[in-house]
Structure formats: C-alpha cells, structure tokens
Amino acid sequence: RCYILSNENGKIQLSLRQSRLNPKISSKVEDIEITSIKDVKKGQLVRGYVKSITPSGVFFGLSTSLLGRILFQNVSPYFVQKHSLYEKYLPEGKLLTAKVLGVNRKEKHIELSLLPEDTGMPSVLPESLGLPQYGAEEEKREVNDEEKREEPKLKTKRRRGNSESGTEKIPVSSQKVEAEKLYRLGKKRLNCVGDYKNQKHSFWEAKPKKRKICPADENDSGIEVYYREEDEDDQEEEAAKKKSKVKKPGEAPRLQVSMGFTWDEDNAMDMPVLDQKEESSESEEEEDMQSKLKKQTKKEKELEKQKKEKELCKVEAALMDPGRQPQSADDFDRLVLGSPNSSILWLQYMAFHLQATEIEKARAVAERALKTISFREEQEKLNVWVALLNLENMYGTEETLMKVFERAVQYNEPLKVFQHLCDIYANSEKYKQAEELYHTMLKRFRQEKSVWLKYASFLLKQGQAEATHRLLERALKALPTKEHVDVISRFAQLEFHSGDTEHAKALFESTLSSYPKRTDIWSIYMDIMIKHGSQKEVRDIFERVIHLSLAPKKMKFFFKRYLDYEKKFGTAESVLAVKRAALEYVETKSSFADT
C-alpha cells in the first residue's frame, strides 16, 4: 500500500509514511514532514537523502521540492583533497541526519551541517582513512604565515646591528662587476663614493633615514640589499624633512650634477642627490603598493570569500530556477542530464545549434538523444527521428535523408515513419517525392485504411478531384467489406472540406440509402450540412430521419437535435411543429405497445 501525493505530467509521487497510510492510528511521527521552507528552522535536526555532489558542496533533499546545501567543511571534520572520496562514502540516496545552520527564506537557501558536534552522529568519513583534521591544517598555515612575517623583522634587526658596527671592506673589482649588472638592469641607483688611495671603501652608502644597510656575508657578492619597513616609513620621512630644513652654519651647499653614473676610478663622483631621492621614493612607492596588494588581512580575506560564496549561490539559484531559459550548450547538457527521456529538451537542443548554423552539432545531438532515451519510450524516440528527418530534408542531401529514413524504419513502426516523411515532403512542397512515397505505401500497406485516406487528402489539396474518385474505387477493392461504409463516409467528409460538395452529398445519400439505420452516418451528414448546406436541406434531412423506424432512444436523440436546431435558427411555429411531431411519435408508440 502507498499514498499518492500527486499525479502531474505523467509522473506519480508516492508516500509510504504510516501517518498517511493509517491516519487513524495516532503513532509518534519520527520525521516531521517538510513541505516548504517555512517548516525549516535554524538549529533543527532533520533527516534527508543525498541528492548530488558538486564542486560547491553536497546537495541534500529534505523533501520532493526542497533542497539544502552542505559545504565540504561542514560534511566532515577531516580535510579531503579529492572530492571523489565523498562520492564513495556519500552515495546518491543515502539517508543522513543533518543540522540546519541557516535559512534564507527570500532566496530559499538552506545551509546544513553533518559534523558530529552538530548532529551527534558519527562522522560520515571513517577515522581509519587517516585524513588530517581541518583544525590541524589551519594551525600549520597560521604557523607558516607567522614564520614568514617574522623573517623580514629578523633581517631588519641584523641590518641595524651591522650598520652600527660599520661597513665591511669589499674588493673594488667585485664591486664594479656587480654594480655593472645592477646598472644594466636599472633596478637601483647607487651612490658611489670611493677613496681608493687610502683603501677605505665605504663604496655603497645609503642614507639611514631612508633605508637600512645590510652588509654582505662571506659568500655574498658585495652588493648590499636594502629593505624598507612600512611601519617606520612615516617616522623616517618626518625626520628627513626636519634635517633638510635645518642647515649647519659652516656647511657649504653641495654641487648638484645632472650627469649619469661614471666608472672612472680617478674621477669617481657623487650621483645627483635630488634625482636619487626622487627616483628612490618612486620605486619605494611602487614596492609599497605591491606589498599591500600581496598582504591582505584576515578580515579582507573573509569578506572576499563571502563575496565569492554569494556569487556562487546566485549562480546556483539561477541554475535551479525551473523558468530559466537555457542560454548555452552547458545549460542544455544540464537539462538533458536531469530529464534524459524528454524529447522536447533534445529537440530544443538541436534547434539551439541550428540557430547558430551548426548542422553537424545538431546531428550529433540527435544521435546522442537516440542513444540516451530509453527503449521503452517509443514515442519520444520517434519524435527525435522525425526531427532528424526534417533536419536532413532541410540541410542535407537526398542520400543522407534516405539513410536516416531507412534507419528510422528499422527502429520504429514503418507505417508511422512513412506517414511522417510524406508530411515532411508535403510541407516542404516536394510534391513529386511525396506522391512517389504514397505509391510505395499503397503497395506495402494495402490493408491500412489510414494510408488511403491520407493519400486522398493529399490529392484533394493538390486539386486532383478525379484522381480522388479513382482512388476511392481502388480503396473499396483493396479494403475488407466491413470498412467500406466508414471509408466512403471519410472520403465524403474530405470532399466537403477540399473538393466537390455535390459529389460528397451523392456519396452520403448513396451510403444512407444502402444503410438507413447507420445513425452515426446520419449524425455526420447532419453536422456537415449544418455547416455547409442551406436550412431547407438540413430540415429535409431531419424530416427523413424522424420518420425512420429506429429505436426509441435514437429517435429521442434526433428529435432533441431537431428541436435545438429550430430554437436556434427557426421560428416559434417551426418549434411547435417539431414538438407536435415528437408527440405524435410518442402516441403511436404507446398505442402500438397497448395493442
């Protein structure tokens, strides 16, 4: 036994809940039924099934229409690099208990958690896997980050100590080689001050108010690397401004030279001080900007993470919206993956490629649909075959069309495929090919009434009334006798709509004269004459019918129709005349019954 929840679009949703099967039994409901997002509250423990695993987390089904999401960090306390491990331990349809972390009723988002400390259940991933925990990973990262932050500070302290003790003496030759390299690269402007006679080489001088000097080690090349701390920039700049304003009274101003760097040992001169200051400040500003971009605080990282999470949620909500129209091939792939047996989706996918004139891709989609749709869905498969026939008729050649047609005949009912191809030819105004195919069908399906009627309709639309009359004679010879009345009636209806109305009347009259008690033919004849004939002709038919010796139920039906017709199109006298005729019929029947 089961309870039917709904039956829409051929899909039946069932329930096995005891509260629905036996509503009279007042047993405790273990899992409260969730029908909408209003039934979900923060901190609530709920049970549901695993729906799917995506790069953004695990989607958890709370009901047939409500989904929740579990971020990977809330699935297990262990850190997992490969998400395929989740697919192994969280197969689709697995029943689990989760805790509601948050509910967004506007966007209909539900955040859940499977962590043991939230649910009180064991972890979904066993401890035997030996996976690292999230806390351990975060501690390692924090330690590494702190070590990286401490390194530059230690270097700075060393530089300060060494700068106080004085600078080392460095060979001039190695200094020149390394300085040439730096000069060619254009990274730094260097102060070259040398007193080579006394061999006192404070070759690389840097102003302490701007930079801190780092002397070379034993294995170093002699080039001093300068490091500037952001925290001390403001203090150093203020001190530099004060020193520049205060001048010693006995000190003469230095000569500023606007020339480049010289390597002449005898004429080693100072670099231009103003240019050096300007360019060094510019390079330092650029370095500061780069370091600020690289260094982000925890708060900024958290805000950036939340922003990306919101964007991802918006994308997911847009993808889950049933009214959203697919815009790309990926959208269609996602849709056909969800409903692989829907021929409408596959046909829309084909049309999407045809709009972009991608014929081969449309063919590939059709072939993929034929392989994907279940063999039980015969009509869905036939729809795709018809679409492929249309595609080859419009964009392919006669050979490709015939190849697809032959394949379609093998995999479907041949008669349906023949009829669809005839319609395709007729709609694309390929009348010659359509007529040849109809001749083939008349030979192959002689006993099928629908083939004769379809060919008759085709001929009448082409204005070939005489050919239709000859076709009727052939049909009466080929078809069994029990089908003759129905075939004549259908041919007469076709001629009323598309051919000769007088010939159609003659067909009806001859049939009714031979089979006067066929009330279905009388009824069809009346309907057609009411639409296409005059009132006098319609009244003559009604008068003939009400004077037939038919069963009382059938006579009642015709009297009622006659009365309704007179009420709509006749006068009060004609209505009374019909009522008198009906009364006379009843009196004669009652008197006959008494005798």
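**Exercise 1.** Leaving aside neighbours within four places in sequence, which residues is Ile 424 in contact with?

*Solution.* The model is predicted; local features need pLDDT of at least 70, side-chain atom pairs count only at pLDDT 80 or more, and totals for chains, interfaces and linings use all residues. Residues are numbered from 1 along each chain as its sequence is written, and side-chain values use heavy atoms, with hydrogens and water left out.

Step 1. Helices (H or I, at least four residues) and strands (E, at least two) are DSSP runs, numbered from the N terminus.

Step 2. Apply the contact criterion, heavy atoms within 4.5 Å. With the neighbours within four places set aside, the partners of Ile 424 are Val 386, Leu 389, Asn 390 and Asn 393.

Step 3. Check the accessibility. Ile 424 counts as buried because its relative accessibility is 6%; buried means under 20% relative accessible area, exposed over 50%, and partly exposed in between (1.4 Å probe, protein chains only).

**Exercise 2.** Describe how H9 packs against H10.

*Solution.* Two packed helices are described by the angle between their axes and the distance between the axes.

Step 1. H9 (residues 329-338) and H10 (residues 343-355) pack at about 165°, and their axes are 10 Å apart. Axes are lines fitted to C-alpha atoms, for helices over the stretch in contact, with angles from 0 to 180 degrees between N-to-C directions.

Step 2. H9 is therefore roughly antiparallel to H10; angles under 35 degrees count as roughly parallel, over 145 as roughly antiparallel, 65 to 115 as roughly perpendicular and the rest as oblique.

Step 3. On the H9 side, Ala 329, Phe 332, Asp 333, Leu 335 and Val 336 meet Leu 345, Trp 346, Gln 348, Tyr 349 and Phe 352 of H10. By class, this contact of H9 with H10 has eight nonpolar residues, one polar and one charged. Ala, Val, Leu, Ile, Met, Phe, Trp, Tyr, Cys and Pro count as nonpolar, Asp, Glu, Lys and Arg as charged, and the others, Gly among them, as polar.

**Exercise 3.** Where do Thr 357 and Glu 429 lie, and are they buried or exposed?

*Solution.* Step 1. Thr 357 is in the loop between H10 and helix H11 (359-372), with phi near 55°, a positive value in a residue other than glycine. Thr 357 is exposed, at a relative accessible area of 63%.

Step 1. Glu 429 sits in the loop between helix H14 (414-427) and helix H15 (431-444). Its phi is positive, about 60°, although Glu 429 is not a glycine. Glu 429 counts as exposed because its relative accessibility is 60%.
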